[in-house]
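Hello,

Here is the structure I promised to pass on. Please have a look at it first; my notes follow below.

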Amino acid sequence: MARTSSRDRMKNEINAGSMADIAFLLLIFFLVTTTIDIDKGITVKLPPWSEEDPETQKLKKRNVFSVLVNAQDQLLVRGELTDVDDLRERAKEFIANPQRREDLSTDPKNAIISLKNDRGTSYGVYVEVYNELKAAYNELWNDECERMYGIPYSEELPVAYRKAIKEKIPFVLSEAEPTNFGEE
Amino acid sequence: MFTKKRGKTNPEVSTASLPDIIFMLLFFFMVVTVLRDGERKVKVVVPQATELQKLQQKSLVNHIWIGKPTEKYAATYGTKPRIQLGDKFASEYDIPLFLEQHKIKVPEPQRPRITTSLKVDGDVTMGIVTDVKTALRKANQLKVNYSARPREK
């Protein structure tokens, strides 16, 4: 009698050939449902809401860099019609004021950028303007960082470094309540 | 002299490691996957910008979409820009509840780091965006990210 020992029977393996198919099925499911979206954007901090009217502060005119965007997406920078492409350079010059001009900011610490738009301004233009103003600050931070530490500015920098730079050149952007002339 | 080589070699390629390879790919996709959260009911093409920052930790981000309803919904909801929260149309008055519903899923110590990602179409006017911003400020959700894509040179 041919005796089949139990050990012999143990050798019978489960056929793993279909394993790959199962894994493929799952893989295809995840491939289809996946959205690898790169979530990037301009991070801003909104001012806290308060019911009371904010205190009115007297500011020197030379320390305020006013940017107005109307419903036709035109830009008025300190009373002059300006192109978006020139905004960055003008903002940089205003904040840093390398030539110590009388009509630009006394010091980067005192510089305030005031942004005001209309309810009819398109969001694309608003983001573009915001981006340029942010870029102006980023470039100034970069210069300052190179000067102080010899390395370019980045978000990965130690907190102490970033704090020191932002103390010298704080990002002050005040947004006024938008006007309502151009909304459909 | 010439022995038949074909007889000796085993022509089959071993497929035993195939499942492992596939599983590796599978795990990769499982990790990077964000399951699509419902249907996009508004058309959004975010504007371009250069000063972009990456959003950290997906679980700490909630999304507000603003744009014109897609063609499918244009008949019911019109062509004016609308807000989409989660998977349905909403108004700015629904934002506090929406934020609260997201907040309770986040562990308490991490709550101050919650960011709202505003995915707004570039052609939308600022009126509706301002209303949303005001609602966010009233709900004390101050960390906001204007979603944008890198500018093509």
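A definition to begin with: a polar contact is a pair of N or O atoms within 3.5 Å, where within protein one must be able to donate a hydrogen and the other to accept it, and residues adjacent in sequence count only if both atoms are side-chain atoms. By that rule, 21 residue pairs (both at pLDDT 80 or more) are in polar contact across the interface of chain B and chain A.

Some housekeeping: this is a predicted model, in which local features need pLDDT of at least 70 and side-chain atom pairs count only at pLDDT 80 or more, while totals for chains, interfaces and linings use all residues. Residues are numbered from 1 along each chain as its sequence is written, chains are lettered from A and ligands numbered from 1 in the order in which they are written, and side-chain values use heavy atoms, with hydrogens and water left out.

**Chain B**

In chain B there are 5 helices and 9 strands (DSSP runs numbered from the N terminus: H or I of at least four residues for helices, E of at least two for strands). Of its 153 residues, 41% are buried, meaning under 20% relative accessible area with a 1.4 Å probe, protein chains only.

**The interface**

Chain B brings 51 residues to the contact and chain A brings 47, contact being heavy atoms within 4.5 Å. About 4800 Å² is buried between the two chains, 61% of it from carbon and sulfur atoms; this is the accessible area (1.4 Å probe) that two parts lose on being put together, summed over both. In chain B, the residues losing the most area to chain A are B:Glu51, B:Arg137 and B:Tyr146, together 16% of what that side buries.

There are 3 salt bridges between the chains, each a side-chain nitrogen of Lys or Arg within 4 Å of a carboxyl oxygen of Asp or Glu. One of them joins A:Arg119 to B:Asp131, with the closest N and O atoms 3.0 Å apart. Among the elements of chain B that each supply at least two residues to the side touching chain A are α5 (126-138) and β8 (143-147); α5(B) gives the most, with 11 residues.

**Strands across the chains**

Strand β1 of chain A (residues 40-45) pairs antiparallel with β8(B) over 5 bridges; pairing takes at least two DSSP bridges. Here A:Ile42 sits opposite B:Tyr146, and A:Thr43 opposite B:Asn145. β1(A) also runs antiparallel to β3(B), joined by 2 bridges, with A:Gly41 and B:Gln53 as bridge partners.

Best wishes

Terms used:
Buried means under 20% relative accessible area, exposed over 50%, partly exposed in between (1.4 Å probe, protein chains only).
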